[in-house]
Each structure stands twice: as structure tokens, then as C-alpha cells.
Amino acid sequence: MRHLPVRMARWSARHAGRAIAGWFAFVVLCLVAGIALGTNEATTKDFWVGEAGRAEATATEGGLERSPTERIMIRARSGELDMAAAGAAARDVTVRMRSLPEVESVAAPVRSKDGEVLLVSVVLNGPELEGRTNVVPLLEQTAAVGADHPDLVVEETGSPAISKGVNDQRDEDLALSERISLPVTVITLLIVFGSVIMAGVPLLLALSSIAAAIGLSMVASHVMPDAGVGTNLILLIGLAVGVDYTLFYLKREREERARADGRLGPEALVELAAATAGRAIVVSGLAVIVSTATLYLATDVIFSSLATGTILVVAVAVASSLTVLPALLVVIGRRADRLAPRRAARRAERGKPARAGKPETGRVFAALLRPARTRPALTLCLSVLVMLGLAVPALGLKLIDPGRDTFSRDIPAMRVYDRLTESFPELLVTHEVVTRSTPEQAARVKHALEDLGRRAQADPLFAQAPKNAKNAKNAKNAKNAKNAKNAVDPVDPADPKDLTNPAANPGSPEHFHPTVRTSADGRISVLELSVPHPAPSAEAIASLTHLREDHIPATVGRLSGVETAVSGDVARGRDYVSHESDKLPLVLGFLLLMTFLMTVWAFRSVVIGAIGVVLNLLSAGASLGMLVLVFQGTWAEGLLAFDSLGAIASRVPLFLVVILFGLSMDYQVFVVSRIQEARQNGMSAREAVLEGLNRSAKVVTSAAIVMVTVFGAFVALHLTEMKQMGFCLAVAVLLDAVVIRLMVLPSVLLLLGERAWWPARRPGRVGRTQEPAAGPLAEVG
């Protein structure tokens, strides 16, 4: 590994044209291969977790799996609902929907309790996850019915329509984040390099790396299915890491150019940069890849998809820095050398002196480094106390699996969903009790499940909330108010009289009552129970607990030889959170171990390895504390435009800790390697720390600005889960670059002195072009 970056840079420098053409051919090849193979999207069974997953697997085995269902609501545009007009619209909806190949069945229309809404339920063909693509023709037909009946509001919602709306909104949000982050990234690079061409190189390589990684991720999805989040992460991590790696390499090449003062050609300068920054990029990239790979231990399709996307884009970004970047620098360097005499002549004619090199550390960075340099013990204590104080709120972390009820109301289908559940609260949550037995026990199982349904209806947590007096008044007359309080009424679309009479079919119909479905072979049965509470609510969670711990053991659980499991909206979320909590110690343990081993391998120092782990924990803890402080409460809702869930999305903490450890290793490698290089060149421990920080502070902080901008742009997104990720990553990078790398790390190293490098011996002075005496980063910067 020590020689590889130099050999690759040497070849690229000598064959610049072929290296550049080869890189862009590689990018095109990745995209073509990805498009040709397409994306193998995760199926419903890939998301099965815990008891809920077992229940869904059993139901699917019996052909009783949950089907994607859309709900079409028909209501008056103003005033009371004209049932004759509503009936005509319902018949129009029914005819249109039944003509679509995407539709499996259309249920009879159902009136709401208050008689103000007519509901048509449509079941789509295919598995649940395919609904978001198959729903488009249904939405078009619903819009057409609405246009044909202008006095009525005809609108559609359901899991497929909501999923499509979320995907559309996510695409718009990502475009917005790019519009925010790209200009700031360009401005930052212009400030760092003062050259449009040099500023454009990191951006070009980052975008090309993202394109290649997207193509490769499509190919990789045929080995590990894509959960639909990989591309989002490739864009998020790719821009940040791609710019950072190129930035470090460019900065080092410019330093070598300034040091050579025209005595070396572009090829030699690139080779010198590869011998230092190139190796650091390789080690840093490996650290991110190894850290991210621990997500596979969670055995979850979403985390596996996130890990695959991150690993691919980081690997491609490293490859671009080692292959095409040296070639581009040679081309740019040759052009600069040709223009240098002309520029010098023009400056001489104008009587201007030659430009002096800029100081490595400006006033701001000097001020930030001063506390650690002058009072390391005090700086260390205060900095650590601040970080621990920021981490304290993380002790109150609460996790939730964000479901349908937490999505942004800017999505049209979500606004319709709110109106739907207001009129039909029994559609908020459904528990599904799934049993497996022998065919001989089918009758007993059905009887036990029916008994379970009756017990659930008597449970206040399952009981339908009565409509208020205002809604009762909306019934046709006082005589019908009593009937309006009953459960929703199914109506026959083929009977015009039925549709014009709001008092027809009074009583308690079967449409939303507990129903038992049994497979053709009699082995598997499913009981569906409605709960009038939103999925994230305490009442809905309590109803699941009552069902699993009280009602099932008292009924179907008493039958011997019968397997029982519960799925549904709440069970999915609760079991997912439990699954992640169980995997967290394993993932975190391997993450700490791999971070320690990677750092020890890079620097041949056990102490540096231990310091790296502790500092990463400090950074991750403080950022999680800030996340809880901001998003778990309500005080920042107006400031950041979100509705608090009262908890943190369950996937966020584990994912963030893993990614933060990888990104923190970036700064650890680049800062400590600079210090180690100075130490290799004969400086004392104190001098090496100060020299390394002076040379790395500006570029590390510039890289952090890019990352903070990219991650911070996600705070402007609609999806609360993405807001939380973006906020936490931005805060963590900022704290890591400023507090950890400029205050805590130098303070620790200054206090420890030579002991920080134990068990490595103090090296003698090493020439800059020699191979390092010990460790893959002994001469890296």
C-alpha cells in the first residue's frame, strides 16, 4: 500500500491524456452497466423483521398478505353532500378503476358516520411495495372523475399514493439541497485556491465519482437489494468526501510547488504529493469503508443499502484521487508553467513585486490554536467538559420508527389522508393477527380469533371514538343522528336509491369490523383489528401490548399446536426499533474495535489509536445530544420547519454513529499524519504538533465547511428523518473540525509528548523522498 499511490500517480502523470480519458470512460461504463441491469429494488419480504416479519411471512405463505389499497373520497365542495351526485361519482370511479389492469378489486362505497363522505376502496394488483409505481393510472382516473363532477371533491389517498408523494418530495428536496450546497462549495474552494480552474477540479471529480457510484450501486443491488435510500446517501456522502479528498491532494501539491520554487516539473510535484497526501487518502478511505461496513452486522436491508452506497462512493472517490487527479494536475501544471513567464513579465512591467506565499495559518486559525498551544491542560479540561455537556441530552434519547403519520403535510396525499382518518378513524391503524395450524384445527382457530375480535372491541383502546355533537348535527335530521353514530355504512353502487338515502343500512355493518380470513388449505388465518389512534401514539402502542400480552394468550394462544404472531402498522415499527436496539451493541463494539485497529495500523501507536476512539465517541455523543435537544422537543419546530415526533427516527442514531466515526477518521488521519511527518523530519514532539496543526488547520477547516454545507442543506428538506440526519452530521463535523481537532487533540498530544507514540520509537530524521521508517503513514501529510 505504501508504494501504490506513488506508482499510480507516476503512471497518470506520464500518461495524462490516457488517464483522463480512462477515468471518464470508467464513469460512463459504470452508468451504462447500471442502466442496462437496472436497480433490483428490495421487496416486501426484505423488510420483514421480528415477530411482525414472521407474521407477514406466514400470511404470504397462505396467500393472505397485505395488498396495496387506495381510498377515493367523495365529498361536497360546499354544503351538505348530495348523495345522488355522490352516487353517480362513485359509480364513475368504480367503472374506471375496474377497467385498469393495475386494479385487483373495487369495494362497494361506504358512507362516513356523519354522512358527509362517500368512500371507495380500491385494491391494487401486485405486492405492497409495487403500489407506488402502479398507483399513477389510478390518480389520473380519480382526477378525471373530479373534473367530470365539478360540484364534488373527488380525492385519493392510501399507502401507494403516499409513498409516491414521499418519493417525489424527496427528489425535489435533493435538488434543493444541491442548489444550496454546490454554490457554497464552489465559493469555499475559490477562497481556498483563488483559482476558478483549481476550484473546479474537486467539484468535477466529486460529481463524476457520484455518477460512477450510482451506476455501480445499481449493479450491486443485484447482490444486495436496494431499499431506495442508497442514491440519497451517495449524493450526500459523495459530494462531501469527494471534494475533501481532492482538496487535501491539491493543497499538498500546491505546497510542494511553492517549496520547489520552479525547480521541479509538474510530474515530480504530483509524485511528491502522492507520497504524502495520496497515502493519507487511501488510509482515510479505508477507515470510512471499514467503519461503514459494520452496518451490515445490523442484518437490515435499509442499513445494508446505506452501507453499500457509502462504501461505493468512498471507494470511487479514493480511486479518482489516485488516478485522474494526478493527470489533471499535470495538465494544469504544464499550462501554469507556460503562462508563468508571461505573468512575471507583466507584473514586472507594472512594477509589482512577485507574489509572496500565503501563511499556512491565518489569524482565525492562529486564535483557535492559541489555547491549546499556551494552556493545553486547561484547554483540554474545558473542551471535554463542553463536549460532555452537549452529550448529556443524549441520555434521554427516545426512538421511534417514523411511519405514515409523520410525513410532511405538503404532500397532497397526506392532506387527503388526514381528512380520510377524520371521517373514518378506524382506518388509522390495523393490527393483523396471523395463525398457523393444521387444517383440522381451522374451525377452532376461527372461533378463537372471533372471540379475540370481540374482546378487542370491548377494550377501550380498540373502541371506535364516538363522533362529536357537531358531526352528529350534520346528519340529515335528528331521527338519523342516532344511526350516524354507528359504524360506517356500506352502500351498493348498483342501487341508486341506496346511494341517495343517507339512512340506508343502519346498524353495525361488516366493512370495518374484525374479520377473519383463512387460506384455501385451512392452515393459515388472519384477523384484522382496527384501532382509532395514529401509529406513533401511546394509545396505539398500548393496544399492541394488550393484544400480544393479554388478548391473544386468553384466546387463540390457549390452543396447542397453533403458532401466532402479530403484524400491522404499529407492530412493524415497534419490532423494527427492538431489532435495531438488539443489534446496536454488536455494531458499536465492532465499530470501536475496527476504528482502534485502523488507527494503530496507520500510525503504529496504541496510544494514538485509543485517543482516536475516545475523541470519536466525544464527537458522536455531543452531536447526538444536540440532535435530541433540537428534534426531540418542540422549541425548534418553527426555527427549522418541522413537527416534532417527540423522539428520534430509529435509524438515525446507529447510522450517524457509524458514519461519524468514518468521517472523523478523515480529520484524524490528515492532522495526525502531518504531525507524524514533522516528527519524522527531526522535530521534537511539541514542535511536531504545532507544525502539523499549522499546516493542516486551514485545509481541514475548509474541508469541514464543505461537509457542513452539504449536510446542513438537508435541514431544509421536508422529511423529518432526513432533517435529523443532516443536522446531526453537520453539527458533528463542525464540532470535530473545530473543538476536537484544533483544541482537544493538540492539547492531548502536547501533554503526552513522546508518550503519545508508544510503542513506536522516536525516529531519526527521514528524507522527504524516502519511504517511511515505520507505519503506512510515517511520512504522510
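This is a predicted model: local features need pLDDT of at least 70, side-chain atom pairs count only at pLDDT 80 or more; totals for chains, interfaces and linings use all residues.
Tutor: Local features here need pLDDT of at least 70, side-chain atom pairs count only at pLDDT 80 or more, and totals for chains, interfaces and linings use all residues. Residues are numbered from 1 along each chain as its sequence is written, and side-chain values use heavy atoms, with hydrogens and water left out.

Student: How many salt bridges does a search of the whole structure find?

Tutor: A salt bridge is a side-chain nitrogen of Lys or Arg within 4 Å of a carboxyl oxygen of Asp or Glu. Side chains of opposite charge can pair when their charged atoms come close. Searching the whole structure gives a total of 34.

Student: In which helix do Lys164 and Asp168 both lie?

Tutor: The side chains of these residues, Lys164 and Asp168, form a salt bridge of 2.8 Å, N to O. They are four residues apart, about one turn of the helix, and the helix that holds both is H7.

Student: At what angle do helix H7 and helix H8 pack?

Tutor: Helix H7 covers residues 159–193 and helix H8 covers residues 196–220. Axes are lines fitted to C-alpha atoms, for helices over the stretch in contact, and angles run from 0 to 180 degrees between N-to-C directions. The axes of H7 and H8 are 8 Å apart, and their angle is about 135 degrees.

Terms used:
Helices (H or I, at least four residues) and strands (E, at least two) are DSSP runs, numbered from the N terminus.
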